[in-house]
Amino acid sequence: MDNTAVDNSFISKTSLPSSICLQRVVSPLPMAKNDELNAVKTSAALKLVQQTQAPVHRQNSFDEDIKQEWSGVVIAVNNQEFTVQLSDKINPDNPDEIVTLDVEEVDPAEQSLIKPGALLYWHIGYRWSSKRPKERFSKIHFRRLPVWSKKELNEAEQQAEKLEAFFA
Amino acid sequence: MRPSNKLKNLKPSLPDIQDTQPASNIAEISLFGPGVGECIVIHMGAGQWFIIDSCLCPKTNEPIALSYLRSIGVDYANKVIGILISHWHSDHIRGASKLLKHCTHAKLYCSSALFSKEALTLTSLYKANRFTDCDKNTEEFSSIVNFLHGTNDPRRLEFIKARHTVKDIRQENHVPVRLIALSPSNMAVTQSIVNLVKLQPKEKSQRTRAVVPQSENLNAVAIHFTFGQLSVILGSDLENHDNENTGWKAVFNDGMIADLSLSKAHVFKVSHHGGQSGNHDRIWCDLLHDKPLAITTTFSRSHLPCDDDIERLKKQSKALLITRDPTKNKKIKHDKMVERELRSIAKERITVNTKNMGHIQIRATEQGKLTVGMNEHAVRY
């Protein structure tokens, strides 16, 4: 799946923050070759879509009211639990929180991404549609970052050798 | 076990900190801690200052050492002679690059493991990491490396390990001053580099935000500071390992206490935020006088110090001062629905409170007479 081709059917007719679209748009499918670019451009692409295209309401889509949004980083993984440090995206002045969760709280397709240093978003809110009643939801979504390339690793090693020689 | 309010039997607060420079014949040890973070500012006498570790002032976001020294009128550009990064954890190095830039006459001291090829590869990799913010450890360390490289003066960096003498003044008409490293041992440095190798990403491996391992405490630099008849142990995050050749065990097995004639100390900056992992019985027998003054910072992310730690430290010291109240865990006010959801999902929750900077200030004459003060955020047990 090409992540730059934003699936408009997921965008509801209400005006949503781009973070909600991100949750919808970024797929848990394996990354394509162009995903390096996509990972950087996703946020910008979403804003562009919101500005230039009229939102389309699909019959089965939800309206959402996001009450809380965090970005987080995994700081520890122990058996079936993992611990994340969360930064509040809605109230950035709030101090960070450390939360321990069951691995089962994460979509099975994304559980392999749970390792120290992994980045995630967590949204909590309400959602509803014309066919379904209002319900609470909590969605933890892991960011799929591009893999390291041989070129990057070689360049870093060369830079390290240069610095090591300077400080020796 | 997290600290509980039941334990709370605080003693009355001590006088406020003094807001003027100490006289040239008065030493000072100022310990700062905002909840997660630690910085020690030392006046070594004769107007010379030394800084160990760095954390940020929550109000100004600048290194607390700069804010403090400026507030008491110290010309830090010329009077700070050294900055020690005791180890590579963000609660000990935040703002260290800025300190280095402003304290233009200061050398940087740290373990050689931090400038090994393995560590430098990591900083180079994450410096170029366009896809994600690197973690604060790597970001800060990368800034330090870049700044030092930019000065084109490698002499501003000095590696430090056990037995290293940073300062040793023993001459007539001068207060004796010594600042000696108790750690890291050679084996600790080697092990630390081995751990850094494990962090090196492989080709086609998934990118993550770099995470400096907990084992980085291997590199922790504990210090023995002497000023006249006053001696102080500054324990950094040095831990007590199973290995006889690393951590506190290496300090005692090395024989350096006798070899270097290190006198017993009256003040102990308790290692690793008062946690049991930083404790070794011989610290209290071989390195400290009976019932020393114990001071420490909290590490609210890991509930340090916990109730048991506080009870143990109270028994071992004549007074225990902590930069923040470890039992205070200010909760964040979330939307009610969010709070309900969190309660149902989260197995444990901790708020990382870093909004107030605790400060403990100890001033001493060369005869070892102490004057201790603390600000409103610090507590006394």
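Of the 168 residues in chain A, 30% are buried (20 or more other C-beta atoms within 10 Å of the residue's own, with C-beta atoms placed from the backbone). The model is predicted, with local features requiring pLDDT of at least 70 and side-chain atom pairs counting only at pLDDT 80 or more, while totals for chains, interfaces and linings use all residues. Residues are numbered from 1 along each chain as its sequence is written, and chains are lettered from A and ligands numbered from 1 in the order in which they are written.

Chain A contains 3 helices and 5 strands (DSSP runs of H or I with at least four residues, and of E with at least two, numbered from the N terminus). Their order from the N terminus is α-α-β-β-β-β-β-α. Of the contacts in chain A between residues at least 6 apart in sequence, 60% join residues at least 24 apart (contact: C-beta atoms, placed from the backbone, within 7 Å).

In chain B, the buried residues of helix H11 (residues 307–316) are Asp309(B), Ile310(B) and Leu313(B). These residues line one face of H11(B), because they fall within an arc of 95° seen down the helix axis (the arc of directions from the axis to the C-beta atoms). They pack against strands E12 (288–296) and E13 (319–322) of chain B.

Conventions:
A residue is buried if 20 or more other C-beta atoms lie within 10 Å of its own, exposed if 12 or fewer, and partly exposed in between; C-beta atoms are placed from the backbone. Two residues are in contact if their C-beta atoms, placed from the backbone, lie within 7 Å.
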